[in-house]
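Please look at the structure below before reading on.

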Amino acid sequence: MFRIRLMQVTDIPAVLVIQAQAYVDEILESAEVIAARLHSAPQTAWVAETDAGVQAYLVTYPSRLGALTAWGENFQCAQDADCLYLHDLAVAGAAGGGGLGRALIVAATQYAEESGYRFSSLISVQGSVGFWQRRGYGVVENLSQAQQRLLATYTGPAYYMSKTLAVREAVVESIC
């Protein structure tokens, strides 16, 4: 059994451990960067918790479709957001295959649809394109040169991906 809840600052040590298990060293983010991002968009960061503690997390933020953020930069939450950007999803090695990642994606998608976001997007790294395609995301091929430069800040290959959501309400509230 697990539960999904909003991430708290006190979860950052567990997030760092999970991140170190999930990613190559070149894309690990510091506690300070994670805390700043959590502060920027606290209503769009979730953890999956079991009796063993936090076992997975998903950090997102309100954005515009096609707006990429360079690796390591703080979130720039869009005031006129139409897209929930999924920045970082990771599951602890021991919890892999338990549905925690899928549950976090479902929670974020439900939040986005209920909040009126029309799209969701992300940057796929470490060979995760197939994982995201199975969840309805497609690789965006027609990136501008500026977008391509931002995408190139990620350890590659990296791909910008998006999907259209089933909007349930018409108004997106600013949460940043």
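The model is a predicted one. When the whole structure is searched, one cavity of 30 Å³ or more is found. The lining of the largest cavity consists of Met 7, Val 15, Glu 29, Ile 34, Arg 37, Leu 38, Ala 45, Tyr 57, Val 59, His 87 and Asp 88. Three elements each supply at least two residues of this lining: helix H2 (31-40), strand E3 (53-63) and strand E4 (83-91). H2 gives the most, with three residues.

The largest pocket is lined by 33 residues, and the closest to its centre are Tyr 23, Leu 89, Ala 90, Ser 128 and Trp 132. Helix H1 (12-22), E4, helix H3 (100-115), strand E5 (119-124) and helix H4 (129-133) each supply at least two residues of the pocket lining. Here E4 gives the most, with seven residues. Strand E4 also supplies at least two residues to the lining of the largest cavity.

The table sets out the volumes and the classes of lining residues.

| Space | Volume | Lining residues by class |
|---|---|---|
| Largest cavity | about 60 Å³ | seven nonpolar, one polar, three charged |
| Largest pocket | about 590 Å³ | 18 nonpolar, 11 polar, four charged |

Technical notes:
Residues are numbered from 1 along each chain as its sequence is written. This is a predicted model: local features need pLDDT of at least 70, side-chain atom pairs count only at pLDDT 80 or more; totals for chains, interfaces and linings use all residues. Side-chain values use heavy atoms; hydrogens and water are left out. On a 1 Å grid over the protein atoms alone, a cavity is a set of points where a 1.4 Å probe fits but cannot get out, and a pocket is an open set with protein on both sides within 12 Å along at least five of seven lines; lining residues have an atom within 4 Å of a point. Grid points are joined across faces, edges and corners, and a volume is the space filled by probe spheres set on the points. Helices (H or I, at least four residues) and strands (E, at least two) are DSSP runs, numbered from the N terminus. Ala, Val, Leu, Ile, Met, Phe, Trp, Tyr, Cys and Pro count as nonpolar, Asp, Glu, Lys and Arg as charged, and the others, Gly among them, as polar.
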